[in-house]
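Hi everyone, thanks for coming. Today I'd like to walk you through one protein, and please stop me whenever a term is new to you.

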Amino acid sequence: MKRIQVVAGILLILGATLAIEWYTETRYPAQDLVMKGVPDLELGEKRSFSYLHELDLVGSTSYTLVEREADTHMLVCSTEVTNEGKRLVLESTLVFDDLYNPIDYSLYVDHQGDINQINVTFSESQIISTVTFANETVTLTDDCTGNVLLTENNMPGFWELLLLSAELQSGERYVVDAYIPQGGKVFELKFYVNPNPQTISVSGEYIDCTVIQESTLDLRFYFHEGRMVQMRNDDQDLTFTLID
């Protein structure tokens with residue numbers, strides 16, 4: 001096949017992809033994600049998920065709302081993973097207000113005894129991150145314009161709380177800016193609430209779930225009766241399933 005034919009074929013595929021994306025955005029425009037308030041979770045209640053990589057159980061992750069004072073809340077998340085004989089422990093804390101706006105965040109990482117930390121503070125105009133890695137400390141500053149939330153890519157507790165705090169309607173698309181500390185920047189997240197329930201197996205029981213898809217990070221969230229029962233990260237072949 002001639003080179004010009006290959007190039008033409010690639011351009012045709014790219015053109016078709018862009019046309020589909022343009023049609024989707026035009027026909028089904030995304031609206032801003034609106035937060036309705038933090039769900040009334042019981043303080044101290046621990047919600048846990050199994051952590052699977054390529055369908056192998058490698059650990060678990062959990063989250064707990066540990067404090068609620070006036071319009072401020074504190075969320076604590078813990079993850080422990082062992083893979084190929086190597087152990088990784090993550091402990092994070094997020095302080096946020098009633099509309100899930102972040103105030104302060106910290107992450108402690110223990111990888112085989114090597115300790116790394118991230119601390120993030122938020123103001124109306126800036127996000128300041130202090131990263132300590134291999135005994136070196138670096139400070140990063142990002143401009144913050146408009147409403148910015150915070151979540152963590154592979155900690156389901158952050159995602160469950162965020163989505164339970166949002167106003168979502170079946171068949172609708174939503175967009176919101178969120179700072180992800182592991183990525184070190186603000187991402188534009190795009191959600192789609194699938195109007196068609198999907199049946200999945202959780203702890204040997206088949207249940208019908210509402211599926212919420214996030215396209216920027218390629219994530220899927222499965223909700224049943226007000227609880228997130230599963231989260232999937234297809235890019236990294238990770239699955240998190242609720243532990244009763």
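Let me begin with a word we will need a lot: a residue is called buried when its relative accessible area is under 20%, exposed when that area is over 50%, and partly exposed in between. With that in hand, please keep in mind that what you see is a predicted model. Buried residues make up 39% of the 244 residues in this protein. The accessible surface comes to about 13700 Å², and carbon and sulfur atoms own 50% of it.

Among the elements, strand S15, residues 219–224, has the highest mean pLDDT, 97, while helix H1, residues 3–27, has the lowest, 45. Over residues 13–26 the pLDDT is below 50, and beyond near neighbours in sequence that stretch has five contacts in the model. So much for confidence; on to the fold.

How many helices and strands does the protein have? There are two helices and 17 strands. If we take the contacts with a separation of 6 or more, 43% of them are between residues 24 or more positions apart.

Let's go inside. In soluble globular proteins, nonpolar side chains tend to be buried together. Here the largest nonpolar core has 61 residues, and those with the most contacts inside it are Leu75, Tyr100, Phe158, Phe191 and Phe221. Helix H2, residues 156–164, gives this core its largest share, six residues. Take Phe191 as an example: leaving out residues up to four places away in sequence, its partners include Leu33, Trp159, Leu162, Tyr174, Ile212 and Phe221.

Setting aside neighbours within four places in sequence, Ser48 is in contact with Thr61, Ser62, Thr241, Leu242 and Ile243.

Next, the cysteines. Cys77 is buried, at a relative accessible area of 1%, and Cys209 is buried with a value of 1% too. A disulfide is a covalent bond between the sulfur atoms of two cysteines. A search of the whole structure finds zero disulfides.

Finally, the charged pairs. The structure holds six salt bridges. In one of them the side chains of Glu80 and Arg87 meet at 3.1 Å, N to O. Glu80 is partly exposed at 38% relative accessibility, and Arg87 is partly exposed at 38% as well. Glu188 forms another with Lys190, where the closest N and O atoms are 3.9 Å apart.

Which residue pairs with Arg220 in a salt bridge? The partner is Asp234, with 2.6 Å from N to O. This pair links distant parts of the chain: Arg220 is in strand S15, and Asp234 is in the loop between strands S16 and S17, 14 residues apart. Arg220 is partly exposed at 23%, and Asp234 is partly exposed at 37%. There is a network too: salt bridges that share partners join Glu45, Arg47, Glu160 and Arg227.

That's my tour; I'm happy to take questions.

Note on methods:
Residues numbered from 1 in each chain as written. Predicted model: local features only at pLDDT ≥ 70, side-chain atom pairs only at ≥ 80, totals over all residues. Heavy atoms only, no water. Core = buried A, V, L, I, M, F, W, Y, C linked by side-chain atoms within 4.5 Å. Buried < 20%, exposed > 50% of the residue type's maximum accessible area, 1.4 Å probe, protein only. Helix = DSSP H or I, 4+ residues; strand = E, 2+ residues; numbered from the N terminus. Contact = heavy atoms within 4.5 Å. Areas by Shrake-Rupley, 256 points an atom, 1.4 Å probe, with all protein chains shown as cover. Disulfide = S-S within 2.5 Å. pLDDT = per-residue confidence, 0-100. Salt bridge = Lys/Arg side-chain N within 4 Å of Asp/Glu carboxyl O.
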